[in-house]
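Subject: Structure for your review

Dear colleague,

Please find below the structure that I am handing over to you.

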Amino acid sequence: RYLLGTNRASWLIEYNLDFDRVVLPTNWTISYKSRAPQWISDSGNIIQRPEREPVVVEFDVTIFDSNKNKSTRSLAFRLMPKNGLIYTIMIWTPASFARSHRSISTLEVLAPTDIKTNATQVLSPIFSGFANIRYKGNSSFLGKRKLINIKTIEPHNLFKNNPNTCSLIGINALSDPLRVWNAFAFDLYKDFPKSNRQMKNIAPTIIHTELFINGQYQGVQEFAERVDLNLLNDKSSIVYRHNTASPSTRFIRQSKPPVRDADFIPLYNSLIDMLENKDKHELPKLLDSMLDVDSIIDYQILYSIMGNGNGRPFRFWNHDILAYSGVRGKFFYVPWDFDVAMQRSWGIVECDLDRLLKEVNPSHQAQVVSRWKSLRATVLSEESLMARFDKILDRHKAYLPFDFNRWTYSANQKINYDKLYEKAKYMLHSQLINLDEAFDNYK
């Protein structure tokens, strides 16, 4: 730890190392030999920084004791680049965290800064304070796929469009080694142009960060905004989520506001009762009064383009998150959980609600097809989608190779990110071809 000097961790070198702080017994000697003298000197001084990708720098260390007995070892550090940095979250938490899976911890959020000289810091603090840290799931402490949720005492300043939020929701998944599909789906959905009567689509923002806990590197993490009233920017809104508790009488539970503040489950129940006890003559008008149908159509298109088979054949009324706007008096979708994407083409995805809309409204299919063709001319053009994919991946692509030890895919497997990249682009291309044909024949 003394060698780091003012650096926060061995895998986060921004400043010169401090070899002079090592205290040895009398008549002992130590020497360091850099294996990367183009980046860092034998004395630990930074010679130059890489432009956009971190590099591992190693030292051969030789020690002679007072009897001239020789021992050697190697030390490895990671030198941070000038540009192309991503956010970094540093957490210092007590040992009891391993047993309780939650704790009040000290947290620091570091934002990237482009620098012109080698001596300037490359990460700047934008938040420092206390946070409630909670592990998700029941797997072992710091397991290979362990995720955490964070709730800071004060706003953490990571999401510019949601400055009041204190939450960070970890959403990494083993099925998405490129860490791209959640951000891709959420950003795409937000950028669908508004129709004449539709409110702008709402989706969480994803921040890619590197995470350190007590100085130990935890890999590349995807943190999302919590879907709550801050994100929806409507204090009269209600957020409903999948109910994973057992036994449960309904598929959806009230998430925000908490039930202790007010019980809005009867509102959701009234929607479901209407769907399950449908009168085909009255239902189209009732559905239009309670649902933002344009939002439902957009979500169906998003699910189809992403090839998200999680939950297929979707024998349920609603996907992961359904929200209700008290101002507009309508239910609408908010996307979530798109990491199981681009595994294969499922064609046009339909849940029970989509099937019902198609059944009771003769013009619904034409609306869906018209919306698809409109979007294909804009945000769903192949050129636009490929550019979006590249832009999102470019934020963190240089950091993915360092993430491998945290995510074991198979024994001794080396991840070929270039092949994954080409496969992802091919799947995206194939989805467009398949869906163009499917929507031409949508019945």
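**Overall picture**

Please bear in mind that this is a predicted model. The chain has 443 residues, of which 54% are buried. Its secondary structure consists of ten helices and 14 strands. Among contacts with a separation of 6 or more, 65% are between residues 24 or more positions apart.

**Backbone geometry**

- Lys256 and Pro257 are joined by a cis peptide bond, with omega near -5°. Pro257 belongs to the loop that connects strand E12 (252–256) with helix H4 (265–276).
- Asn27 is not a glycine, yet its phi is positive, near 70°. This residue sits in the segment before strand E1 (29–34). With a relative accessible area of 58%, Asn27 counts as exposed, because the threshold for that class is over 50%.
- Asn214 likewise has a positive phi in a residue other than glycine, here near 50°. Asn214 lies in the loop between strand E9 (206–213) and strand E10 (216–224). Its relative accessible area is 45%, so Asn214 is classed as partly exposed, the range between 20% and 50%.

**Two buried loop residues**

Arg179 is located in the loop between strand E8 (167–170) and helix H2 (181–191). Is this arginine, Arg179, buried or exposed? Arg179 has a relative accessible area of 0%, and is therefore buried. A polar atom of the Arg179 side chain lies 2.6 Å from the backbone oxygen of Asp176.

Asp176 also provides a reference point for Phe338. The two residues are 162 positions apart in sequence, while the distance between their C-alpha atoms is 9.3 Å. Phe338 occupies the loop between strand E14 (330–333) and helix H7 (352–360), and it too is buried, with a relative accessible area of 0%. Which residues does Phe338 contact, leaving aside its neighbours within four places in sequence? They are Trp181, Asn182, Ala185, Phe186, Tyr299, Leu302, Tyr303, Met306 and Asn308.

**Cavities and pockets**

Rolling a probe the size of a water molecule over the atoms shows where empty space is left. A search of the whole structure for cavities of 30 Å³ or more returns two. The second largest cavity has a volume of about 40 Å³. Ten residues line this cavity, and those closest to its centre are Met199, Lys200, Asn201, Ser295 and Phe332. By class, its lining comprises five nonpolar, three polar and two charged residues.

The second largest pocket holds about 460 Å³ of space. It is lined by 16 residues, with Tyr87, Thr205, Ile206, Ile207 and Arg395 the closest to its centre. At least two lining residues come from E9, and at least two from helix H9 (382–394). Eight residues of this pocket lining are nonpolar, three are polar and five are charged.

With kind regards

Terms used: Residues are numbered from 1 along each chain as its sequence is written. This is a predicted model: local features need pLDDT of at least 70, side-chain atom pairs count only at pLDDT 80 or more; totals for chains, interfaces and linings use all residues. Side-chain values use heavy atoms; hydrogens and water are left out. On a 1 Å grid over the protein atoms alone, a cavity is a set of points where a 1.4 Å probe fits but cannot get out, and a pocket is an open set with protein on both sides within 12 Å along at least five of seven lines; lining residues have an atom within 4 Å of a point. Grid points are joined across faces, edges and corners, and a volume is the space filled by probe spheres set on the points. Ala, Val, Leu, Ile, Met, Phe, Trp, Tyr, Cys and Pro count as nonpolar, Asp, Glu, Lys and Arg as charged, and the others, Gly among them, as polar. Helices (H or I, at least four residues) and strands (E, at least two) are DSSP runs, numbered from the N terminus. Buried means under 20% relative accessible area, exposed over 50%, partly exposed in between (1.4 Å probe, protein chains only). Contact means heavy atoms within 4.5 Å. A polar contact is a pair of N or O atoms within 3.5 Å; within protein, one must be able to donate a hydrogen and the other to accept it, and residues adjacent in sequence count only if both atoms are side-chain atoms.
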